[in-house]
Amino acid sequence: MILEEAAEALEDSGYEIMVASSVASAIQILKVSSEDIELILTDLKMQGATGADLVKYAKGMALEIPFIIMSGHASPNIQENGIDLSSY
């Protein structure tokens with residue numbers, strides 16, 4: 001699975017990571033460990049919600065964590081997928 005491969009590559013490069021396969025589990029990690037998180041790297045399409053939903057939740061918690069949203073399923077125009085990132 002791509003998640004495990006990305007996690008392994010980041011760990012091999014010396015990064016300490018926390019892995020979540022769904023928005024719900026990522027939110028749990030944010031609730032417990034937000035002070036330890038320096039970057040959110042998320043997929044656009046996740047189980048139960050989107051990576052944009054995760055970022056919106058983090059912003060709602062007043063967290064100033066930078067984020068990168070990526071996806072192999074997105075079109076060049078991300079708004080065609082029904083997600084407006086202009087407010088982030």
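These notebook entries record what I looked up in one predicted model.

**Entry 1. Ground rules**

I worked on a predicted model, in which local features need pLDDT of at least 70 and side-chain atom pairs count only at pLDDT 80 or more, while totals for chains, interfaces and linings use all residues. Residues are numbered from 1 along each chain as its sequence is written, and side-chain values use heavy atoms, with hydrogens and water left out.

**Entry 2. Overall layout**

I listed the elements and found three helices and four strands in the protein chain. Helices (H or I, at least four residues) and strands (E, at least two) are DSSP runs, numbered from the N terminus. From the N terminus on, I read the order as α-α-β-β-β-α-β. I then looked up burial: 26% of the 88 residues of the protein chain count as buried. Buried means under 20% relative accessible area, exposed over 50%, and partly exposed in between, with a 1.4 Å probe and protein chains only. For contacts (heavy atoms within 4.5 Å), I took the pairs at least 6 apart in sequence, and 61% of these join residues at least 24 apart.

**Entry 3. The nonpolar core**

I asked which residues make up the largest nonpolar core. There are twelve: Ala20, Val23, Ala26, Ile27, Leu30, Ile37, Ile40, Met46, Leu54, Ala58, Leu63 and Ile65. The elements that give two or more residues to this core are α2 (23-33) and α3 (51-60), and α2 gives the most, with four. A nonpolar core is a set of buried Ala, Val, Leu, Ile, Met, Phe, Trp, Tyr and Cys residues joined through side-chain atoms within 4.5 Å. I also checked Ile27, which is in contact with Leu54 and Tyr57 when its neighbours within four places in sequence are left aside.

**Entry 4. Helix α2**

In α2 I noted Val23, Ala26, Ile27, Leu30 and Ser33 as buried. Down the axis of α2, these buried residues fall within an arc of 155 degrees, so they line one face of the helix. The arc is that of the directions from the helix axis to the C-beta atoms. The face turned away from the buried side of α2 carries the exposed residues Ala24, Lys31 and Val32. I found β1, β2, β3 and α3 among what covers the buried residues of α2.

**Entry 5. Helix α3 and its end**

In α3 the buried residues I noted are Gly51, Ala52, Leu54, Val55 and Ala58. Viewed down the axis of α3, its buried residues also lie within an arc of 155 degrees, and therefore line one face of the helix. They pack against α2, β1, β2, β3 (49-50) and β4. Lys56 and Gly60 are the exposed residues on the face of α3 turned away from its buried side.

I looked up Asp53, which is found in α3. Asp53 counts as partly exposed because its relative accessibility is 37%.

What backbone angle stands out just after α3? Ala62 takes a positive phi of about 65 degrees there, although Ala62 is not a glycine. Ala62 lies in the loop between α3 and β4 (67-70), and it counts as exposed because its relative accessible area is 59%.

Is Thr42 buried or exposed? I found Thr42 at 3% relative accessibility, so it counts as buried. Thr42 lies in strand β1 (residues 40-43). Residues up to four places away in sequence not being counted, Thr42 touches Gly51, Leu54, Ile68, Ile69 and Met70.

I met Thr42 again in the largest pocket, where Leu3, Met18, Val19, Leu41 and Thr42 lie nearest the centre among 32 lining residues. On a 1 Å grid over the protein atoms alone, a pocket is an open set of points where a 1.4 Å probe fits, with protein on both sides within 12 Å along at least five of seven lines, and lining residues have an atom within 4 Å of a point. About 1200 Å³ of space lies in this pocket, the volume being the space filled by probe spheres set on the points, which are joined across faces, edges and corners. α1 (2-12), α2, β1 and β2 (45-46) each supply at least two lining residues, and the largest share, five residues, comes from α1. By class, I noted 21 nonpolar, six polar and five charged residues in the lining. Here Ala, Val, Leu, Ile, Met, Phe, Trp, Tyr, Cys and Pro count as nonpolar, Asp, Glu, Lys and Arg as charged, and the others, Gly among them, as polar.
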